[in-house]
Amino acid sequence: MLATCSGDRSIRIWRRRIEPPIAGDVSTATERWTCVSAIDDAHKRAIRSLAFSPSGATLATASFDAATAIWENIDREDAAECVATLEGHENEVKSVAWSASGGLLATCSRDKSVWIWEVVGDSDFECLSVLQEHTQDVKMVVWHPTEELLASASYDDTIKLWADDEDDWFCIATLEGHTSTVWAVDFDATGAMLASVSDDRSLKIWRRDADATAASSSLGSSLSRLRGRKTAKWTCAKTIPDLHGHAIYSVSWSKVNGMIATAGRDNRIRIFKLVSLASVGENLDFVEVAEIVNAHRHYDVNCVRWCPFPEHGNVLASAGDDGGGKNLENMTSTLSGVPSVLCTGRFIAPRSEYYTTSRETPPQGLTDE
């Protein structure tokens, strides 16, 4: 199942269907995605991001109307219900993400802040912390795959990593190196590395210093733990400059096959594979395994995400300014019927696993100052 949101303020739910082969010839079987539910005017302005909870029962949407909405029953026609609206940001909410446990929700905004929300009951959320250390618009938030560790990317050219000490959230590291807006970030399957892409057209891979992390966990008092966490180091282990011809809007690090996909304004998708994991202090070694040119005709490619299911681990989803999304495994399917710029798409399977696509460049008619 796929959920998409758009500049037209709607949410659409899609299901994958396999058309039966003709005359028993399996090579003629085709894949189609059909819209099974639509929520029009879900927000007052463009919807910039969405995220399924790990259970798959709840969908969170973030909008330029400065609100985050929580939805249930979204896969049933005319049955979707907005069960909560989270307010507090002063400007457009750019991104929303659930923690791996589903107990926390993070949002970020043009108001330069990151908010951490806790699920305290059915449809009830409590703001645990408002983090205001970025100096410019915050573009994206993403959680570590297993830990309550949050990464945020910003217009201030930095990435910040956030952790908590007895519900006191603080910045444990600031990653500097990009020379322009950081549009997107994504962890690898282990959470030991982080990929980032930027308006400077580069891809960077950051690696956590395991020794520093171990030292921080061995300290006793709360104050010592706080100081220990602040000493934890993330270092840039690899930079691939001039990866695209223009700004890179999205990056996805597959949790199945280990490959990294990037996409951006040049309408290209590039895919890299880590061929050797160098020891600490050495550069990582990547090779390019594919490049898709004109992936969305002559439009920007806004976002890419790998499928996390082992049985479909080589399927990559993309979305673009052409108002559609694609399922890129030999270009097996193209979504149609999306009436405006496709901002974000998130897939979810019956067992509640999902993969995502996201993008922060504004749709036509909107500005992103």
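**How the terms apply here**

Val-141 stands opposite Ser-152 in E13. This is a predicted model, in which local features need pLDDT of at least 70, side-chain atom pairs count only at pLDDT 80 or more, and totals for chains, interfaces and linings use all residues. Residues are numbered from 1 along each chain as its sequence is written, and side-chain values use heavy atoms, with hydrogens and water left out.

Q: Why are E12 and E13 called paired strands?
A: Two strands pair if DSSP finds at least two bridges between them. Five bridges join E12 to strand E13 (residues 150-154), so the pair qualifies, and the two run antiparallel.

Q: What makes strand E12 and strand E15 stand at the edges?
A: The open sheet has four strands in the order E12-E13-E14-E15, with antiparallel pairing. Strand E12 (138-143) and strand E15 (168-176) each have a single partner strand, so one side of each lacks a neighbour in the sheet.

Q: Why is Glu-291 called partly exposed?
A: Buried means under 20% relative accessible area and exposed over 50%, with partly exposed in between (1.4 Å probe, protein chains only). Glu-291 has 38%, so it belongs to the class in between.
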